[in-house]
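Please look at the sequence and the structure before reading on.

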Amino acid sequence: METLDSAEAWVQWGVGYFAQHDIYFGHGTNNALDEAAWLVLYALGLPADKALNDVPQPLSPEQRGAIRALFERRVQTRKPAAYLINEAWFCGLKFYVDERVLVPRSPIGELIVNGFAPWWPSEHPVNRVLDIGSGSGCIAIACSYAFPDAVVDAADISPDALAVSAKNIALHRLEGRVNAVESDLFSALEGRKYDIIVSNPPYVDAEDIASMPDEFRHEPQIGLVAGEDGLDFAIRILQDAPRYLTDDGILIVEVGNSEAALAERFPTVPFMWLEFEYGGHGVFLLTAAELVQYHEAFLAA
Ligand SMILES: C[S@@+](CC[C@H](N)C(=O)[O-])C[C@H]1O[C@@H](n2cnc3c(N)ncnc32)[C@H](O)[C@@H]1O
């Protein structure tokens, strides 16, 4: 195997190696081929979008050793590749990540690159956006690219996560346009009004937590765990959001597999469950008017 001398050959080798060790994909890639290619290019110091057949060959013994070592760390530690190389991609943007934040993967990215159209009309200006549970800052920062005139607040309760989002805000030179705010959901945001509130809060229920692959155990549990039915944070957001939305504002929240539990808990509420071209589920949208209309139902929960 040490004589494999092209990047493509190493990717193929990696696919077989990963299959033997039954690792889980879903933190930045969703298959062995993309994961192996990502690691090979990183080990060679090349951009993640470099075509494999353009990589000069034969690879040197040092290059082969670097690829092999990275593959072995992936299999032995079961750490998501993003943590091994401190890099993740979201909305076509590069982010620094480490084990203080979840690896970016929310389907909300697809909504952001479309400017939340058609739910937010493109001619309608966006002044303020709030991202609750901002982790690496990926959603807040992508929103800032989508709405260059808006001020974006990136709120998280975890000082560790806020340190990572501050690093990403600086890497993207968005200081002053994206603000990292330490806040327990809305607690530090009293009096502010947002056109768009977006959140990928913790939403994993007790049953899913117990059965997660090892890769998830490297992620901060504060970013995942959300009580017996996964709704602890979503319900608090539904209760408080109307106070923080402009009259024609919208709320978008990801609850993943807890979609069924939420719909069952509030059978009268017309959650709009959004559809995704590139995969993902369990993301709903409600307007400020709907949140006001169903406020009593949310408070009664
Ligand atoms: C599922 S992660 C999402 C991270 C990031 N937005 C993303 O999409 O990759 C949830 C985040 O919510 C944060 N969080 C947990 N409890 C919170 C709370 N009470 N208030 C604010 N943020 C909270 C966690 O620290 C974590 O960063």
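The model is predicted: local features need pLDDT of at least 70, side-chain atom pairs count only at pLDDT 80 or more, and totals for chains, interfaces and linings use all residues. Residues are numbered from 1 along each chain as its sequence is written.

**Domains**

The protein chain is assigned domain 1 (7-85) and domain 2 (98-299), with bounds that come from an automatic or database domain assignment. Their centres, taken over C-alpha atoms, are separated by 31 Å. Across the boundary, 9 residues of domain 1 are in contact with 8 residues of domain 2; contact requires C-beta atoms, placed from the backbone, to lie within 7 Å. The side of domain 1 that touches domain 2 has 4 nonpolar, 3 polar and 2 charged residues. In these classes, Ala, Val, Leu, Ile, Met, Phe, Trp, Tyr, Cys and Pro count as nonpolar, Asp, Glu, Lys and Arg as charged, and the others, Gly among them, as polar.

Helices (H or I, at least four residues) and strands (E, at least two) are DSSP runs numbered from the N terminus. The expected span in the table is 1.5 Å times one less than the number of residues.

| Helix | Length | Span, first to last C-alpha | Expected span |
|---|---|---|---|
| Helix 1 | 15 residues | 21 Å | 21 Å |
| Helix 3 | 17 residues | 24 Å | 24 Å |

A residue is buried if 20 or more other C-beta atoms lie within 10 Å of its own, exposed if 12 or fewer, and partly exposed in between, with C-beta atoms placed from the backbone. In helix 1, the buried residues are A7, W10, V11, G14 and F18. Seen down the axis, they fall within an arc of 100°, so they line one face of helix 1. The arc is that of the directions from the helix axis to the C-beta atoms. The face turned away from that buried side of helix 1 carries the exposed residues G16, A19 and Q20. Helix 2 and helix 3 are among the elements that cover the buried residues of helix 1. D22 follows helix 1 and has a positive phi, near 55°.

Helix 3 buries Q63, R64, I67, L70, F71 and R74. Down its axis, the buried residues of helix 3 fall within an arc of 130°, so they too line one face. They pack against helix 1 (7-21), helix 2 (32-43) and helix 4 (81-85). P61, E62, A69, E72 and Q76 are exposed on the face of helix 3 turned away from its buried side.

Seven strands form an open sheet with mixed pairing, in the order 5-4-3-6-7-9-8. Strand 5 (178-182) and strand 8 each have a single partner strand, so one side of each is left without a neighbour in the sheet. Two strands pair if DSSP finds at least two bridges between them. Strand 6 and strand 7 are parallel, with 5 bridges, and Y194 has L245 in strand 7 as its bridge partner. Strand 7 (residues 245-254) runs antiparallel to strand 9 (residues 283-287), also with 5 bridges. There, I252 is partnered by L285. Strand 8 (residues 272-273) pairs with strand 9 in the antiparallel sense over 2 bridges, and W273 stands opposite F284.

**A loop residue**

P202 lies in the loop between strand 6 (194-199) and helix 8 (206-210). With 18 other C-beta atoms within 10 Å, P202 is partly exposed. Leaving aside neighbours within four places in sequence, the contacts of P202 include G133, I222 and F233.

Methods. Two residues are in contact if their C-beta atoms, placed from the backbone, lie within 7 Å.
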